[in-house]
Amino acid sequence: MNYLGNTSSIRVLTALVVLLLTACSLPLPEPVLVPVERPLDLVGDVNLIQAIQVPSENSLLEIGVQVFGTAQKEAGEYELGDWVFDEIIQKETQFLPHLLKNTLVDSGQWGAIRVVPESDPSLDLIIEGQIIQSDGETLELQIRAIDSSGREWLNQIYADQSIPEEYPESTRFTLDNTFDAINFVDPFQDIYNRIANDLVAVRASLGEQILADLNLVTDMLYASDLSPDTFSGSIIENDDGLLIVDTLPSLDDPMMARVADMKYRHHLFIDTVDEYYQTLYEDIQPAYVLWRRYSIDQITEIEMSQQEASRSDYGGSSGFLSLSQRYDRFKWSKIFEREFNDLAAGFNNELAPAFLELNSQVHGLTGTMEQQYREWRGILRRLFELENGEITTDSTE
Amino acid sequence: MLIKVENVVHERGLGLSLLASIIATLCLTLSISAFSQDSLPQLDLDLPLRLDFSGSWEKDFRRSDNWEDELSRTLRIRQESTARQQSSPGSTRRRSTPPISIGNVNLPRSRGRGANIVDLARLAEYISRHSIIDIVQTRDEISIERSGEAALICGVEYKLQQTFANEHGVEVCGWEGQQLVFQIMLPDDLIIMHRFTVSSNQLVLNLLTSIYSKGGEPFNLIQAFNKYEAPRDEFNCIQTLSRGQVCSQAGTDLSTVLDDF
């Protein structure tokens, strides 16, 4: 009997458990959910297109890579121990954007690129990401890029798979074998290369005039964010639903000079925020790579275990040796999974101080990095109003 | 006049003290509500309250079944049952179990038959060798650690929970009244059931392990455990990924230890 190793065997097991439990008058369990294999459209091997010459000034768009999101599970979907892995994904949402940002910087195709906690009206292009799946073997991201006028540049899923050989020996670092961060290439670098190349392709299709207009829209959008009463009328929506500049203040308008001053201060702030995200990634990179290495080891181990189980033939023997072997295989697979969960919890423990540090960075501001960012934007708005004598009762409180 | 002044002062004093007591009451009420909102954990009434299984438990060998004695007793009962059935041929039998005895090597081992009772008994003994159990119980979850075995972990909810499933077996757990039940379904219809019961004074823990094979009669083994005070750990340890266990002396804040690395 070719026992188990396929989904029908799992169903047989479940059915028998259900029968036994019915006899024991316990309520029936939910059926075992066999994950449906989704075909992944892998990006393959991708070389990053790097700029040979400095692109035109209008092409040097300022990009914000927003901290990623992740699909939240429904309350009923959680199983015991799931929270540990949920916490890891939550952490990945904060530092995977940094890898994309580094790739965009390496391409030399863009202006300033920063990781930002939220969408930012002072930037030309915002990249949003959702982590669909992330482990040592597979990374699947939903990426959406939208410019300040509302034009969608990208909205698609990118997936890549790694192999154990992409994790060099230095990922199992010890005191004698330290992690080589400089020469380490992320096993999912192809995804980031593909996204960067796709963005360049979209930009090339737009033309110089659209890019020049985009820079103006961004300027007026930021001015409108600072002082909606003064500037909101200068931007309108065209027939395509895109924002365009309707009226432009004169070049020597003192208000615009103040807006530019505020934008400069704001960019100094988001540069600092971006540096914190970079420091966070540098702090945790060795542990994160090690974690991914453990993750791919575990996936490989499970695949071997499944193959072994499919080869096992328990049907012909019911002796003690056969019974104890069945029990031991179950026991060790469970212990192995528990150890993996412990490693995941250990990874979270190890990263906790780095995240605490990130959230306590900006002096004078409180809360998470997202809250500090919002607080800062509020401060700039009030400052702008003060400088322009637009003090309202609310803003002075 | 003095009396009048005194009265006024007295009345004012009364008014002030009344005002003060109102303010004090208000402050107390506010502080109590603030305290109750901030400091006290909210009790989730949807979660059932379970008996407390937590603590360190050591096996009471005197009160626990000896597997060989239990095997002999089970065999004797089966033989008597078989004899009764033979003497009254009309009576129905739950299943056709051949007469067996220890060392009977002639048991049929076809696919249709389960393991013999001796092998089930030996398996029961094999998985019950641990003499110490450590149980940690929270408002949401109970975790049972046995040396050399995988931990048994279950939530406290009413519903049945699947705690582990792979190609080597499926484990579910649930509560029957105040008994905690784990069932492990292994390949070839081998089923292991652990049923934990704690005495009302929480000093004695009973563990009934039943082993079923292909729907046949189970072999049952009861073990009793007494609570004992395990020595307190001298160190607080926290698991990390790259540095393994990071420990500090009990009473030290571990976050400062992690920061130091």
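Is D188(B) buried or exposed? Let's go and find out, keeping in mind that this is a predicted model. To reach D188(B), look in the loop that links strand 7 (179–186) to strand 8 (190–198) of chain B. D188(B) turns out to be buried, because 22 other C-beta atoms sit within 10 Å, and the cut-off for being buried is 20 or more. Its backbone is worth a look too: phi of D188(B) is near 65°, a positive value in a residue that isn't glycine.

Now hop along to another loop of chain B, the one between strand 9 (204–213) and strand 10 (219–228), where you'll find K214(B). Here too phi is positive, at about 50°, although K214(B) is not a glycine. What about its surroundings? K214(B) has 16 other C-beta atoms within 10 Å, so K214(B) counts as partly exposed.

Let's step back and take in chain B as a whole. Its secondary structure comes to four helices and 12 strands. Of its 261 residues, 26% count as buried. If you take the contacts in chain B between residues at least 6 apart in sequence, 45% of them join residues at least 24 apart.

For helix 2 (residues 67–87) and helix 3 (residues 117–126) of chain B, the angle is about 155° and the axes are 10 Å apart. An angle over 145 degrees counts as roughly antiparallel, and therefore that's how helix 2 and helix 3 of chain B run relative to each other. Their crossing is right-handed. Where do they meet?

Finally, the nonpolar cores. The largest has 52 residues, and I63(A), I127(A), I191(A), I195(A), I284(A) and A287(A) have the most contacts inside it. Helix 6 (residues 254–311) of chain A supplies the largest share of this core, with 12 residues. Apart from this core lies another, of 44 residues, with F330(A), I153(B), V172(B) and V181(B) among them. Back in the largest core, pick out I63(A): leaving aside residues up to four places away in sequence, I63(A) touches L104(A), W110(A), I113(A), L123(A), D124(A), L125(A) and I127(A).

Terms used
Residues are numbered from 1 along each chain as its sequence is written. Chains are lettered from A and ligands numbered from 1 in the order in which they are written. This is a predicted model: local features need pLDDT of at least 70, side-chain atom pairs count only at pLDDT 80 or more; totals for chains, interfaces and linings use all residues. A nonpolar core is a set of buried Ala, Val, Leu, Ile, Met, Phe, Trp, Tyr and Cys residues joined through C-beta atoms within 7 Å. A residue is buried if 20 or more other C-beta atoms lie within 10 Å of its own, exposed if 12 or fewer, and partly exposed in between; C-beta atoms are placed from the backbone. Helices (H or I, at least four residues) and strands (E, at least two) are DSSP runs, numbered from the N terminus. Two residues are in contact if their C-beta atoms, placed from the backbone, lie within 7 Å. Axes are lines fitted to C-alpha atoms, for helices over the stretch in contact, and angles run from 0 to 180 degrees between N-to-C directions. Angles under 35 degrees count as roughly parallel, over 145 as roughly antiparallel, 65 to 115 as roughly perpendicular and the rest as oblique. A crossing is left-handed if the near helix is turned anticlockwise from the far one by less than a right angle, and right-handed if clockwise.
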